[in-house]
Amino acid sequence: MSNRNQLVRDNFINFVRSGNLPESSITLTPSEVGLSNSDLVDLFETQVMSRHLDLQSRIMQKNGQSFYTIGSSGHEGNAAYAKVFRPSDMAFLHYRSGAFYIQRSKQVNGQTPLYDMLLSFAASKDDPTSGGRHKVLGSKALSIPPQTSTIASHLPKAIGAAYSIPLAKRLEFEGKIPEDGLIVCNFGDASSNHSTTQGALNSTAWVAYQSIRVPIVFVCEDNGIGISTATPDGWIAANYKNRAGLHYIYCDGLNLLDTYHKAKQAEHLARKHGKPVFLHMRTVRILGHAGSDAEFVYRKVADIEATEFQDPLLHSARILLENNILSAEEIIHIYESTERRIAHIAERAASKAKLESAEEVKQSIIPPASSVNAVTKFHKPRSESDRMALFAHEKHNLNKKQHLAKLLNWALLDLMAENENMVMCGEDIAAKGGVYNVTSKLSERFGKKRVINTVLDEQSILGLAIGMAHNGFLPVPEIQFLAYVHNAEDQIRGEAATLPFFSNGQFSNPMVIRIAGLAYQKGFGGHFHNDNSFAVFRDIPGLILACPSNGADAVEMMRTSIALAREQQRLVVYLEPIALYMTKDLHEEGDGLWLSEYVAPSADGSENALESNLSVSVYGKGKSVCILSYGNGYYLSRQAEKILSEQGVDCRVVDLCWLAPLDEKGIIEQAKQCENVLIVDECRQTGSISEALFTLLAESDAQHEKGRVSRITAHDSFIPLGTAAYHVLPSTNQIVEEALRMFGDSKKSNSAKSKKKAASAKVGSA
C-alpha cells in the first residue's frame, strides 16, 4: 500500500481513537430522519466496505492482480440515498458508487457484493456482471445496468427510462420497471459541464415544463474537482438551483443523516408527483482521481490533508459516537475486521480464471435471442380486416406501385400495428410526418404517445430510445440527417452497442435507428443534408447496418430489422438514401422502373430464418463484369448495366443491402462467377466500404486467377451545394467507362492467353 493510502487508512483509526473528528453544523438526529441505530450502523458498515475495497484494489494493482483503480473514497455517502430507493428503481451509476452498490445489494437476498466487486477488479471471467470484460458496477438483480468510465453518457438514457415509466402506464403497457418506479442517476460535478449532461438535463426540464411526469432523481456528487481542474465554488448551485422544470435540493453528502433526509424528499417528489429532482450532494475526493494520479503534483499537501480530514467515514463515526450508538473501539473493530475480511476475499477472487481467448471475449457482443414469451407478448399480427381499416386513407393506392418513401411509410404502419411496444421518436416525425413524409399519418393512427416529437438534440433522441428499450419498448428513433448523428454517435458506440458486451448479455437495448442520408439530392443539400460517410457505424461490434436502394427491398429490410430487434435483441441502423425516396424512373422519364408493389406482411407476421435474410440481392446473370454496390450506387449501376448490355458487355449487379455485417459468402459467390469485379461506392475513397470489399476479395482469392478488381468511389471531399456535388460523386458514365475498360482488358488478356496456349500446343506437337 502506498504511503498516502496507508496514511488515509491509519488516520481513520487514530482520529477515532483520539476523538479528533470533523464537526458539522447539521443537528439532525437519527429518529428525526427515520433511521434506527441499527440502520446507522448498517450504513457505516457499507461505507467501510466501500473504502476497504478501494484500498484493496490498489494493493491488488501493485501485485498485478487488478487493473483499474478509480474508486469511491470520499463518496461513500451515496450509501444513504441507496437505502432510500427501492432495488427495482433502475439506477444508472457513475464509477464512484461503490457504497450505493453495496447498500442496494443488502436489499436483495442472495447477493455477494464484496466478492462480486473483487472479481470485477481482478477481471475474472467469474465476475457475474461483465464476465471479466471490465471493472463495472452493475447487476441484473439490482436493476443497475453496468457502466464503465462514463463521463455523463448515461444521462440521456436515464431520462429515456424515466420518461418511459409513465408512458407505459398511459399505454397500458407492462414494462420491465414497475409503474410506480423511478430512475436514479448520479454523476460528478466535473461531468455536469459535459454537453451530454447539458442536453439530458435540458430535455428533462423541457418535458417537465410541459407538466409531463418524469420520475427521476439526478444526483450530482460534487467533490469540487475534475481530475486536476477545480470546480468554481458555487458553480453547481448557480447553474441548477433555479432551473425551470427541475426541483433542486442540496444535501451534505458527508453526513449520513442529512443525505438520507434530503434523499427521502427527492424520492417523494419523483415517485409521488413525477417531478424530476436535482439532488446536489456535497462530497470530497480522497485518494486522488485514481491509483495512478499523483495528486500532490497539482494540489498542496495542506489542501489534501484538509480534504482527508473531511472524510465521510470520520463524519459517520462522529454521528455514531454523539448518539451513543457505538464506542470508539467498536467503530475501529468494524473498520479493522472489514479490512481483514476483504483482504481474505481478494485472495480468492484474484486466483480465479481470466478470459483466455478472443472467442470468449467476443461471446457477449451479440446478445442472446429473446424468449418466446418476450417475443409474443407484444407482437400481434393483424387480421386483413384490421389492416384494411388501418389503410383506409390509402385504399385507392394500395394496389398501385409506389416509390421508396411511400412503401416505407406503409411498412411502418403495418409494423406499428403488429408490435404494440414499438414507439417512434425524433424531430418533426409526428403531425408533419418527417421531412420526407416517411412517418406521415403514423401519429394520427397511433397517437402522440407512440409517435413522439422530440427536442432538437440527437443525444436526447438516442438516449430516449435506449432508456425506453431498458423498459421493454421497441424503439425506432429517427435521426433527421446522417451528418447529424455525429453529434451523438457515442450514444450508439459507447452506450447502446456496448451494453450486452459489458453485461455478459444480461442487458440489451434493441432498437432500429432510422437515418436519412447519403448524397445525390437535387435542389437541396450541401454537406449536412447530403453527407455520404457512414464509416462511424462500420467498426462498431455487433451493430447491423442496413441500406435499401428501392422500395421493395426497403419494406422487407425494415421488417427484418424490426424482427432482429424484437427476436434477437439486436441494434440496427437503417440508412435510407434520401435521393431515392421519391425516385420513380430508372432509364427514362415515365418508365416507372424504380416503383414497386407493396407486399403485405405474412399472416403470422414472422420473419423466418432472419440470418439468411441478411443477404445480397442480384440483378442479371452476366459473367463479364460483376458490379458490387448499394444505395444510390446500385441505382447508377443498374442504369450502367443497360448501356453496357447494348455494347455487348454482360453484367450482373449486386446490391449489398446489408453493409454490416457484409454477406461475405454471397459476395464471393457472385464475384467468382465473373471475369471482372467493379466496386461502385458512393462514399469517400478513404474509409469507405470499398476498402473492405477489396480486402474480402483478396483474402478469399475470389479473383486470384483473374486478378481484375477495380473500384469507383466518391472523392475524399465534403459534399458541396448544387450541381458542384456531382464533380465529387460517382456517375453512370464513370461506371460504364470503367466496365468497358475492364472488359477490353479482359478480351486482350484472354486473346494473349489463347495465342500462348496455341503456341505451346504447336511446340508440343513438333
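Helices (H or I, at least four residues) and strands (E, at least two) are DSSP runs, numbered from the N terminus, and it is in this sense that Leu-518 is placed in the loop between β13 (511-517) and α22 (535-538). Please keep in mind throughout that this is a predicted model.

1. Helix α1 (residues 3-18) and helix α13 (residues 328-350) have axes that come within 9 Å and cross at roughly 160°. Because angles over 145 degrees count as roughly antiparallel, α1 and α13 are roughly antiparallel to each other, and the crossing in which α1 passes α13 is left-handed. On the α1 side the contact involves Val-8, Arg-9, Phe-12, Ile-13, Val-16 and Arg-17, which meet Ala-328, Glu-329, Ile-331, Ile-332, Tyr-335, Glu-336 and Glu-339 of α13. Sorted by class, this contact has 8 nonpolar and 5 charged residues, with no polar ones.

2. Helix α1 also packs with α3 (37-62), at an angle of about 155° and with the two axes 10 Å apart. That angle makes α1 roughly antiparallel to α3, and the crossing of these two helices is left-handed. Asn-5, Val-8, Arg-9 and Phe-12 of α1 make the contact with Phe-44, Arg-51, Leu-55 and Arg-58 of α3, and the residues divide into 4 nonpolar, 1 polar and 3 charged.

3. The contact is formed by Met-49, Leu-53, Gln-56, Ser-57 and Met-60 from α3, together with Leu-114, Met-117, Leu-118 and Phe-121 from α6. By class, the residues of this contact divide into 7 nonpolar and 2 polar, with no charged residue.

4. In helix α11 (residues 301-309), the buried residues are Ile-304, Thr-307 and Glu-308. Viewed down the axis of α11, these buried residues fall within an arc of 100°, so they line one face of the helix. They pack against α1 and α12 (312-322).

5. Which residues does Thr-69 touch, once residues up to four places away in sequence are left out? They are Ser-57, Arg-58, Gln-61, Lys-135, Ala-290, Gly-291 and Ser-292. Thr-69 is placed in the loop between α3 and α4 (78-84), and with a relative accessible area of 7% it is buried, given that buried means under 20%.

6. Asn-186, in strand β4 (residues 183-188), is buried, with a relative accessible area of 0%. Not counting residues up to four places away in sequence, Asn-186 touches Tyr-81, Phe-92, Leu-93, His-94, Ser-97, His-154, Val-219 and Glu-221. Asn-186 and Thr-29 are 157 residues apart along the chain, and their C-alpha atoms are separated by 26 Å.

7. Some backbone values deserve a check by eye, since most residues other than glycine have a negative phi, and most peptide bonds are trans. Leu-518 has a positive phi of about 70° although it is not a glycine, and Leu-518 is buried, at 0% relative accessible area. Ser-211 has a phi near 65°, again a positive value in a residue other than glycine; it lies in the loop between α8 (195-208) and β5 (216-222) and is exposed, with a relative accessible area of 67%. The peptide bond from Ala-660 to Pro-661 is cis, with omega near -10°, and Pro-661 is found in the loop between β19 (658-660) and α26 (664-672).

8. Ala-603 lies in the loop between β15 (571-577) and α24 (610-613), where, at 76% relative accessibility, it counts as exposed. From Ala-603 to Asn-11 the separation is 592 residues in sequence and 72 Å in space, C-alpha to C-alpha.

Definitions and conventions:
Residues are numbered from 1 along each chain as its sequence is written. This is a predicted model: local features need pLDDT of at least 70, side-chain atom pairs count only at pLDDT 80 or more; totals for chains, interfaces and linings use all residues. Side-chain values use heavy atoms; hydrogens and water are left out. Axes are lines fitted to C-alpha atoms, for helices over the stretch in contact, and angles run from 0 to 180 degrees between N-to-C directions. Angles under 35 degrees count as roughly parallel, over 145 as roughly antiparallel, 65 to 115 as roughly perpendicular and the rest as oblique. A crossing is left-handed if the near helix is turned anticlockwise from the far one by less than a right angle, and right-handed if clockwise. Contact means heavy atoms within 4.5 Å. Ala, Val, Leu, Ile, Met, Phe, Trp, Tyr, Cys and Pro count as nonpolar, Asp, Glu, Lys and Arg as charged, and the others, Gly among them, as polar. Buried means under 20% relative accessible area, exposed over 50%, partly exposed in between (1.4 Å probe, protein chains only). The arc is that of the directions from the helix axis to the C-beta atoms.
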